[in-house]
Amino acid sequence: MPTKKVSSKKAPAPARPKAPARAVEPQPTDAPPPPAPRRPRAKKTVVILSRKRSLYSTRRLVEAVKQRGHRPLVLDTLRCTMVLAPSHPRMLYRGVDIKGVDVVIPRIGASITGYGLAVVKHLELMGVPVLNSAAAISQSRDKLRALQLLCRGGLDVPRTVMAHDRSNVRKLVEEVGGLPVIIKLLRGTQGVGVMIAHTLQELHTIVNTFWDLGQEVVLQEFVAESKGRDVRALVVGDKVVGAMQRRAKKGEFRSNIHRGGEGHPVELPPSYIEVAVRASRLIGLEIAGVDMLEGRSGPRLMELNSSPGFEGLERATKQDIAGAMIDHALVFAQAHATAGGQLQVV
């Protein structure tokens with residue numbers, strides 16, 4: 001019998017019944033929505049009040065603003081025009097309304113303090129956040145008022161007297177610890193208007209000359225142990241962002257860099273940092289150059305500068321002082337905006 005060929009193909013399997021479609025569960029109504037696409041960071045306008053764009057500190061602040069992706073605007077303080085109208089104060093710059101400013105950093109020179117303070121006050125009236133406030137700048141410029149506030153706050157300052165009575169200068173000298181004695185103009189800066197008298201005759205000549213010119217002066221204790229040295233700490237917010245020790249040149253008792261002094265970077269002890277920050281807070285300054293003498297028992301405060309130059313400090317410390325100032329200004333502006341733009345004008 002012939003053999004049958006067996007097919008290798010398998011018989012088709014019976015079709016399986018389809019599984020019933022699964023019901024789609026409804027999403028909970030309280031599920032978090034998908035994250036919104038990130039918006040690009042809005043540019044802020046940072047105004048720097050300065051007489052000259054070419055000044056080192058002004059140029060560095062402009063660079064720091066640009067590096068952070070924001071818009072710097074340098075305004076000459078004396079070209080700002082203040083316009084007062086009921087409930088709508090305005091400011092013009094070369095005839096154009098100033099609008100859309102997020103924060104202002106005033107660099108007010110001593111020679112234009114009066115008009116500069118008026119401009120800062122007007123910006124505050126317009127609700128613009130300003131580092132530093134007009135009240136704080138005014139207090140720092142008045143050496144006696146600043147020392148009064150620091151003394152009231154319990155900080156150590158050199159013994160100081162102020163008087164108009166010329167009849168008993170010898171008694172004034174005794175009050176500050178004897179000769180030699182330091183004579184300071186009430187509103188001097190960068191070491192200008194600071195003198196030393198080693199004899200009563202020198203003292204009489206100097207103070208009588210100032211008084212005859214209508215200038216107010218204070219007499220201050222000569223801190224001999226400082227030996228022509230002082231410490232400049234630059235405070236931004238609640239931090240010291242740089243510090244240097246300044247030494248007077250030979251034959252000079254003033255250690256200011258503008259008077260030929262030399263600066264060397266230093267690591268400040270905690271006590272100096274605490275005093276510098278606390279002094280800035282007492283005067284109300286957000287940015288301050290704090291000058292301290294190295295006394296036997298610790299730092300002794302001399303004065304605070306509300307528009308501190310920082311060329312020497314940046315070169316000595318190699319730190320980005322301008323960047324620290326701009327970072328703080330941006331945070332300050334954001335806090336002001338979050339608070340609804342409410343600003344207390346003093």
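Two strands pair if DSSP finds at least two bridges between them, while the elements themselves are DSSP runs numbered from the N terminus: helices are H or I with at least four residues, strands are E with at least two. With that in hand, welcome to the close-ups of this predicted model, in which local features need pLDDT of at least 70, side-chain atom pairs count only at pLDDT 80 or more, and totals for chains, interfaces and linings use all residues. Residues are numbered from 1 along each chain as its sequence is written, and side-chain values use heavy atoms, with hydrogens and water left out.

**View 1. The sheet of β3, β4 and β5.** Three strands make up an open sheet in the order β3-β4-β5, and their pairing is antiparallel. β3 and β5 stand at the edges with a single partner strand each, so one side of each has no neighbour in the sheet. Four bridges link β3 (residues 80-83) to β4 (residues 90-93), and in this pairing valine 83 faces arginine 90. Two bridges link β4 to β5 (residues 96-97). Here tyrosine 93 stands opposite valine 96, and leucine 92 stands opposite aspartate 97. Helix α2 (residues 113-125) lies across β3 and β4 and runs at about 55° to β3; the axes behind such angles are lines fitted to C-alpha atoms, for helices over the stretch in contact, and angles run from 0 to 180 degrees between N-to-C directions.

**View 2. Two hairpin turns with positive phi.** The hairpin of β3 and β4 has six residues between its strands. Serine 87, found in this loop, has phi near 60°, a positive value in a residue other than glycine. With a relative accessibility of 81%, serine 87 counts as exposed (exposed means over 50% relative accessible area, buried under 20%, partly exposed in between, with a 1.4 Å probe and protein chains only). The hairpin of β4 and β5 has two residues between the strands. Arginine 94 sits in that loop, has a positive phi near 55°, and is exposed at 59% relative accessibility.

**View 3. Helices α3 and α4.** Two packed helices are described by the angle between their axes and the distance between the axes. The axes of α3 (residues 134-141) and α4 (residues 143-152) come within 5 Å and cross at roughly 100°. The two helices are therefore roughly perpendicular to each other (65 to 115 degrees; under 35 counts as roughly parallel, over 145 as roughly antiparallel and the rest as oblique). Gln139, Ser140 and Arg141 of α3 meet Lys143, Arg145, Ala146 and Leu149 of α4, where contact means heavy atoms within 4.5 Å. By type, these residues divide into two nonpolar, two polar and three charged; Ala, Val, Leu, Ile, Met, Phe, Trp, Tyr, Cys and Pro count as nonpolar, Asp, Glu, Lys and Arg as charged, and the others, Gly among them, as polar.

**View 4. The five-stranded sheet.** This open sheet has the strand order β13-β12-β11-β14-β15, with antiparallel pairing. β13 (262-265) and β15 (298-305) are at the edges, each with a single partner strand, so one side of each is left without a neighbour in the sheet. On average, neighbouring strands are turned by 30° against each other, direction ignored. Strands β11 (residues 229-236) and β14 (residues 287-295) pair over six bridges, and valine 231 has methionine 292 of β14 as its bridge partner. Glycine 298, in β15, is buried at a relative accessible area of 14%. Leaving out residues up to four places away in sequence, glycine 298 touches Tyr272 and Leu293.

**View 5. Histidine 328 and its surroundings.** Histidine 328 belongs to helix α9 (residues 321-338). Its side chain joins that of glutamate 286 in a polar contact of 2.7 Å (a pair of N or O atoms within 3.5 Å; within protein, one must be able to donate a hydrogen and the other to accept it, and residues adjacent in sequence count only if both atoms are side-chain atoms). Apart from neighbours within four places in sequence, histidine 328 is in contact with Leu131, Val236, Gly237 and Glu286.

**View 6. Two cis peptide bonds.** The bond from leucine 131 to asparagine 132 is cis, with omega near 5°, and asparagine 132 is in the loop between α2 and α3. Leucine 179 and proline 180 are also joined by a cis peptide bond, with omega about -5°. Proline 180 lies in the loop between α5 (169-175) and β8 (181-185).
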